[in-house]
Amino acid sequence: MADTTIIHSPAEFVPEDEHHGVAHHTSTGLSNNKLAMWLFLGSECLLFGGLISTYMLYRGRTEGGPTPEEIFDIPFTSVSSFVLLMSSLTMVLAVANAKRGDIRRTRLWLVTTALLGATFVGGQVYEFTAFYREGLGFTTSLFGSSFYTLTGFHGMHVTVGIIMLLSLTFITQRGRITGDRAEVVEIVGLYWHFVDIVWIVIFTLVYLIPA
Amino acid sequence: MTTAVEHEATPAPGDEHTHGAHTTHSDAFYVKIALVLAALTALEVSTYYVDFGSLFLPVLFALMVIKFFMVVWFFMHLRDDAKLFGRLFWAGLFLAIAVYVGALATFQFFLK
Amino acid sequence: MAIIEQPPRQLELAPAGVVGPSQALGAYARPLRATGWRAWLFTVDHKKIGLMYGFTAFFFFIVGGVEALLIRLQLAQPNGNVLSADLYNQMFTMHATTMVFLFVMPMAAAFANYFVPLQIGARDVAFPRINAFGFWCFLFGGLFLYISPFTGGMADGGWFMYAPNSGPVFSPTNGIDFWVIALLITGIASLTSSINLITTVLNMRAPGMSLMKMPIFTWMVTVVQFLLLFAVPVITVALVLLNFQRLFDATFFDVEAGADPLLWQHLFWIFGHPEVYILILPSFGIVSEVLPVFSRKPLFGYPFVVFSGAAIGFMGWGVWAHHMFASGLGPISVAVFAATTMFIAVPTGVKIINWLATMWGGNLRFTAAMHFAVGLVVLFTIGGLSGVTHAIAPSDTQQTDTYYIVAHFHYVLFGGAVFGLFAGFFYWWPKMFGRLLNEAWGKVCFWVMVVGVNLTFGPMHIVGLQGQPRRMYLYPDDLGFSAWNLVETIGSFILAFGVLIFLVIAVMSFRGPRNAPLDPWDARSYEWMTTSPPKEHNFDAIPAVHSIDEFFHRKYEEDETTGELRKVATAEEILAEQEASADRHIHLPSPSYWPIVVAFGLPVIGLGLIYNFIVAGVGALITLVGLYGWTQEPSAHDPEDEDPSAGPSKELATVG
């Protein structure tokens, strides 16, 4: 094997076809990273499904604490939901611009998405503290426990998404996103949209449909 | 909104061989989708104020499902992307629905 | 597969041999030339990771086995006094948890990690660092679980951890907290590995290897990964709810607060039933490899074996509540799940038929591996038959929570899953280590274990139907259980002796030279087209695939007139041909510090959640710093690998 050189290279050695900037020469022709993200999102359906089912089972068990009707502020949450929904739009615009190679606009839309997401999370925090003050604590009732667990997990996912968006913004600042590396933006976008569609379900099932 | 362009986006150099989403939509397209989603959300919220009677649950469910699929189809590019991605995601989604609806059914949840 | 054609000038950074990117990029100093124990600590090589999974899993096998022997010692006589009731509860909980989560699953992962890339012609998995991360999560999760004996008591609620018995009121020590967090950590390992292996199998196959030409072990492993992908989140929810109840006083399973204990059971068993298929399918895959080789016949009905595996995976989601027949579900639910449970016997039956048909008319060679494979077919069938009796809900009402159930699942788990793993040891040992396990002693080991399994678990059918309950540390002396229990205990020690024999065989195998033949079994599948052990990069050149059992078809040709098989090439010749056309430049992933660092933070977070939130913060910091370092480590999208003829862009120029 005298003529073979073994090169130890970047650890995620997704094999590259040098005629494309695209990092795949895969059996399906699809990117490893994107495939991995879709698989992950498929599994997340089962995670949130479990939390939502727990909530649906326990929503009516309020044990003397506040009930959903008493405590929810639908107008406020509607605005929050609208903000998160719009953040999906800004995310998709970030991806579109990344594909065009327009780094400046990509960063603009990434930051906007992060800000909208942060607004949503801020709204959640405000909402939770208001609920707590009005008598719905984590351990007050089964409704309380399941509500906070479900929305808390969702909020955590949004926060992780915001961190990814901001990290991505800084990376683009260092000039490492080009044409097909827009895929990284796209993959973060997939995660972000997923977090949004989970909220679409939560908003309807938890807030709009009374127990 | 600075990117309300009407023409198809021109690919950047090195972008010719983008795998996956072979259709690039204009930004205006996504804005239109977002406006539809916003309208649907408004309709959803209106169920809080307006009495829909027996249509209440079906309307809310329908709206939820439509919004869900619109984001997945258009924003997550599943319409234009490789079928495998969709299959993997729908597999997880439908498995989750089947299994959790089944579990809730054993609690007579749907007999209310 | 991982061929990256580089213009030569980019390679002249070091003498021919190993070249590192840090010289080019001046980036973080990676452990590029780590040797000795560091090579293992920072490896991302799937083979090393597979071996680490294997040795760690075997260690836990022994731990779980000792726990089992203690249980059997307690039950050897009526009114035993070896273990107190409390210790007994801990023992059966930890025995099951250890065997399921720290032995069988990781041992299957060991084979999967080692052989799936080799079977599909890849040089590693899709995400090597995540692969390493998964192993360290498993190891740290397992060790974390075993902190609990030193902190006031181990988990004692049974491996199924039914609430509210597992809540803080009935289980006040921290044992269950350790259990919950350990499973969350090992769950992360399973989930990330599943994403990794599915991506690998879908995306990194050799040219010409369609999915229906893949070796059957890889197919079964792929089904398992899908099961893990969708089942681990469900138990995650259950574990989180229990965790919040125990640590933060949530009332999810608090009946006084209006909770429903069945919620736990549903969430657990929606995971738990797919879990048992996760446990058995890899062994089914191994047996499906071994039987054809030692029958000198191709696997009968390959598509049926594939589809029945997928069917088991799919249908396995519809049967979970058969673990809850006696929990008060109501007749409709029970009837539905009884029906679905009866149906799921069908695809397994298909497999048994295919295995038998493979052997039928074959030129059988009864090597040690073949012994274990046939053993699985027989013993799993016995266990499957008792399983079918459980499906009939009325009879299950008598059987449930008795030793009849214990008999069933030990036949399918030990006689099934474990025997399959042992077949894998004997079959693949020469490939992994260049040495053979002693065949004669291997057969002795097999027979000792067969006697042990049947003596230990056979009588459990009888005493179970006679009414001996599970999870009871005592039984009285006037119910007629005593004699069989003594037999079972003796059987368990015979079984342990069999495992000991294996350990001795294994250790002895390393005492000789690495002189196993390249193809000792005249094997059929792709992974045998490597050296023994395989080179670090697996294949000098990735052989193209034209059929199932590609390796076999390169060795043998069918004579057109007589239809007889004629050997046209030896394994050595096939390997030499590959070496002669070796790829000139082969890229391999680099070792990395970050996977072990990120994994290490997780048990620290766990300790902090139990004892002190500041410690949790420290753990979170370790993990976050590790993640940051990981993302900063040059990824595949490295400018060094870009084809410079694509033209410089201003973005590339800024990377130093």
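**Exercise 1. Find which residue just after α4(A) takes a positive phi, then check the span of α4(A).**

Step 1. Helices here are DSSP runs of H or I with at least four residues, and strands are runs of E with at least two, numbered from the N terminus.

Step 2. This is a predicted model: local features need pLDDT of at least 70, side-chain atom pairs count only at pLDDT 80 or more, and totals for chains, interfaces and linings use all residues. Side-chain values use heavy atoms, with hydrogens and water left out.

Step 3. The expected span of a helix is 1.5 Å times one less than its number of residues. Helix α4 of chain A (residues 103-133) holds 31 residues, so it should span 45 Å. Its end C-alpha atoms are 45 Å apart, which agrees.

**Exercise 2. Place Thr62(A) in its chain and decide: buried or exposed?**

Step 1. Take the chain. Chain A has six helices and one strand. Their order from the N terminus is β-α-α-α-α-α-α.

Step 2. Locate the residue. Thr62(A) sits in the loop between α1 (32-58) and α2 (68-71) of chain A.

Step 3. Apply the cut-offs: buried is under 20% relative accessible area, exposed over 50%, partly exposed in between (1.4 Å probe, protein chains only). Thr62(A) has 13%, so Thr62(A) is buried. Of the 211 residues in chain A, 69% are buried.

Step 4. List contacts (heavy atoms within 4.5 Å). Not counting residues up to four places away in sequence, Thr62(A) touches Thr67(A), Pro68(A), Ser141(A) and Phe143(A).

**Exercise 3. Describe the surroundings of His371(C).**

Step 1. His371(C) belongs to helix α11 (residues 368-391) of chain C. Its relative accessible area is 11%, so His371(C) is buried.

Step 2. A polar atom of the His371(C) side chain lies 3.4 Å from the backbone oxygen of Phe366(C).

Step 3. Leaving aside neighbours within four places in sequence, His371(C) contacts Phe366(C), Lys443(C), Phe446(C) and Trp447(C).

**Exercise 4. State which elements and residue classes line the largest cavity.**

Step 1. Among the elements, α4 (85-120), α6 (175-203), α7 (216-248) and α8 (261-295) of chain C each supply at least two lining residues.

Step 2. Sort by class: Ala, Val, Leu, Ile, Met, Phe, Trp, Tyr, Cys and Pro are nonpolar; Asp, Glu, Lys and Arg are charged; the others, Gly among them, are polar. The lining has 22 nonpolar, seven polar and no charged residues.

Definitions and conventions:
Residues are numbered from 1 along each chain as its sequence is written. Chains are lettered from A and ligands numbered from 1 in the order in which they are written. A polar contact is a pair of N or O atoms within 3.5 Å; within protein, one must be able to donate a hydrogen and the other to accept it, and residues adjacent in sequence count only if both atoms are side-chain atoms.
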